[in-house]
Amino acid sequence: ILGGSEAKPHLKPYMASLQLDGQHVCGGFLIAEQWVLSAAHCTEETDGKVFQVLLGAHSLTEPEPHKRLYRVRAQIPHPGSNIHNNKDDLLLLQLEEKAELNEHVRVLPFQREDRDVAADTVCEVAGWGTISHSGRRPNVLYQVERPVISRDVCNHRTRHDHTITEKMMCTDSRRKDTCKGDSGGPLVCNGVAEGVVTAGSRVCGNYKKPAIYTRIAPYMAWIDSVMASAAG
Ligand SMILES: O=C(O)c1[nH]c2ccc(F)cc2c1NC(=O)[C@H]1C[C@@H]1c1ccccc1
């Protein structure tokens, strides 16, 4: 997160850290007791290794009473996701067991109505991603508020040049922005998850390259069917 601030501990109890060998790789968030939503690109350089999911954390390094690392039973990237573009950049992770819900671990509802969030709506995004242009990695959760920008502005030739589909959305990236390591985390607007930070590599904090999110509502049927088919 660039230009943001340390999150108030445990005010985002839905946040997940996807880890490999104890290292944070990407963000994610709890959409059901046994399911975390993240970004498919985050599995690219993991050569088939399975993530572990840290829930209930504020600090990645300090011991905290409600922090718990969960094993993952299944990792399901959206079938349309691929390494060449940002399309369908979603990843569902089924935890080995239901997460123990409490003040520090909670499910975040996602938007089920497929309608664009109005431009200029101020949303918030959090993560353990880089907090400086030099690539400094925080050990605590950071957050930042960002206004939504219209798809037309985001698709401008000098911005993302018509690559933003109706299943994506953008936020202004002038100074305050998401960055590497924040991918997979939720864009929360009025208390509801509207988007997932895409994990395609992009420059951060440059107003000419707005942040891109996968909108969640268009994938409601896929999410529900995966969770229903693997239930039990
Ligand atoms: O965050 C992303 O956009 C992104 N996209 C990917 C694609 C493949 C992939 F193997 C990883 C990623 C990845 N995450 C990262 O590189 C994480 C490791 C780096 C990081 C940054 C800040 C703080 C901690 C760790």
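Reader: Which exposed residues sit on the face of H2 turned away from its buried side?

Author: Start with the terms. Exposed means over 50% relative accessible area, buried under 20%, and partly exposed in between, with a 1.4 Å probe and protein chains only. Helices (H or I, at least four residues) and strands (E, at least two) are DSSP runs numbered from the N terminus. Here, the outward face of H2 carries the exposed residues Ala221, Ala228 and Ser229. Two cautions apply: this is a predicted model, where local features need pLDDT of at least 70, side-chain atom pairs count only at pLDDT 80 or more, and totals for chains, interfaces and linings use all residues. Residues are numbered from 1 along each chain as its sequence is written, and side-chain values use heavy atoms, with hydrogens and water left out.

Reader: And which residues of H2 are buried?

Author: An α-helix has 3.6 residues a turn, so residues three or four places apart point the same way. In H2, which spans residues 220-229, the buried ones are Trp222, Ile223, Val226 and Met227. Down the H2 axis these buried residues fall within an arc of 125 degrees, so they line one face of the helix. That arc is taken from the directions from the helix axis to the C-beta atoms.

Reader: What covers the buried residues of H2?

Author: Look for contacts, meaning heavy atoms within 4.5 Å. The cover includes four strands: S3 (23-32), S4 (35-38), S6 (68-77) and S7 (91-95).

Reader: Now backbone angles. Where does Asp120, with its positive phi, lie?

Author: Most residues other than glycine have a negative phi, and most peptide bonds are trans. Asp120 is not a glycine, yet its phi is positive, about 80 degrees. Its place is in the loop between S7 and strand S8 (122-127). Asp120 counts as exposed, at 60% relative accessibility.

Reader: What is phi of Arg175, and where does this residue lie?

Author: Phi of Arg175 is near 65 degrees, positive in a residue other than glycine. Arg175 lies in the loop between strand S10 (168-171) and strand S11 (186-189). At 54% relative accessibility, Arg175 counts as exposed.

Reader: How far apart in space are Asp21 and Phe51?

Author: They are 30 residues apart in sequence and 8.4 Å apart, C-alpha to C-alpha. Asp21 sits in the loop between strand S2 (15-20) and S3. Its relative accessible area is 63%, so Asp21 is exposed.

Reader: Step back. How many helices and strands has the protein?

Author: It has 2 helices and 13 strands. The radius of gyration is 16 Å, close to the 17 Å of the globule rule for 232 residues, so the protein is as compact as a globular protein of that length. That radius is taken over C-alpha atoms, and the rule is 2.2 Å times the number of residues to the power 0.38. Of the 232 residues, 53% count as buried. Among contacts between residues at least 6 apart in sequence, 70% join residues at least 24 apart.
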